[in-house]
Amino acid sequence: MNSTPTDTAHPASEEIPLRIDGGQPLSAETVAAVAAVCDAAEDLDGRASVVVRVSGVPRGPWPGDLTVSLVSKWERVLRRLERLPAPTVAVADGDCGGSALDVLLATDHRIATGSMRLVLPLEGGATWPGMALYRLAGHGANAAPIRRAVLYGTPVDATDALALHLIDQLTDDVPDALRLAAERAAAVSGTELAIRRQLLHDAAATSFEEALGVHLAACDRALRRATTGART
């Protein structure tokens, strides 16, 4: 892992790498790999960024040893990734499905190459009904490319994914895109980013009255930090 120099007003950000191959069956090892990255980011207490490279699509039938218990552990570790006190960046290349798609949709900033396609493979006459469907629906349940992907397994190409905000950036220069993402991440506290992220996620399903207290608490925290100069 490499430390990236930043402005002296902000702590250095440690880059934590993760590689997810969607072509591999979901396993306890995959769950453990993501959990280890979450542990590392949490230990650095807001002074880290996670960079995930995703690609690959499941081949063949769903594994015979796949259980609901394992899927539950996977979905829970993805939720943990989604709530990390650290910016998370994904780089997607080629077809992305299975665990690769799951992780991609759980990150903050998503970079893709022109060859990327989001794929929900068909097996037994249906697509996998995991939480990727939930996250896709959050970008437009009635959008035709998403509807076709969920119902029929039709791949979502890079252009449609960009238009639907499933990815943030389409590029042929991944190193430069990562450099810019690192500069952006270095400007914020990972802990504070996690609070803003949660406020953003909750807004769609929370009434103004219910949200007000949480937002006021966040404002109070920001004011206290500005007064003391603390970065928590």
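The structure is a predicted model, in which local features need pLDDT of at least 70 and side-chain atom pairs count only at pLDDT 80 or more, while totals for chains, interfaces and linings use all residues. Residues are numbered from 1 along each chain as its sequence is written, and side-chain values use heavy atoms, with hydrogens and water left out.

The average pLDDT (the predictor's confidence in each residue, from 0 to 100) is 86 for the protein, and 92% of the residues score at least 70. Helices (H or I, at least four residues) and strands (E, at least two) are DSSP runs, numbered from the N terminus. Strand β6 (residues 117-118) has the highest confidence, at 98, whereas strand β1 (residues 3-4) has the lowest, at a mean of 34. Over residues 1-12 the pLDDT stays under 50, and the model has 22 contacts beyond four places in sequence for this stretch; a contact means heavy atoms within 4.5 Å.

Helix α1 comes next. With 16 residues (28-43), α1 reaches 22 Å from its first C-alpha to its last, close to the 22 Å expected at 1.5 Å a residue; the expected span is 1.5 Å times one less than the number of residues in the helix. Burial is judged by relative accessible area (buried under 20%, exposed over 50%, partly exposed in between, with a 1.4 Å probe and protein chains only). By this scale T30, V31, V34, A35, V37, C38 and A41 are the buried residues of α1. Seen down the helix axis, these buried residues fall within an arc of 155°, so they line one face of α1; the arc is that of the directions from the helix axis to the C-beta atoms. They pack against β2 (13-21), β3 (48-56) and α2. The face turned away from this buried side carries the exposed residues E29 and D43. A36 also lies in α1 and counts as partly exposed, at 42% relative accessibility. In sequence A36 and R47 are 11 residues apart, and their C-alpha atoms are 16 Å apart in space. Just after α1, D45 takes a positive phi of about 50°. Most residues other than glycine have a negative phi.

Helix α8 gives the most, with six residues.

Some single residues complete the tour. T191 is placed in helix α8 and counts as buried, at 16% relative accessibility. T191 and G22 are 169 residues apart in sequence and 29 Å apart in space, C-alpha to C-alpha. G22 is also among the residues touched by S55, which is found in strand β3 and is buried, with a relative accessible area of 16%. Other residues that S55 touches include R19, D93 and A100. H165 lies in the loop between α6 (158-163) and β10 (169-170) and is exposed, with a relative accessible area of 57%. Although H165 is not a glycine, it has a positive phi of about 65°. Finally, H215 in helix α9 (residues 208-228) counts as partly exposed at 34% relative accessibility. H215 and R196 are 19 residues apart in sequence and 9.3 Å apart in space, C-alpha to C-alpha.
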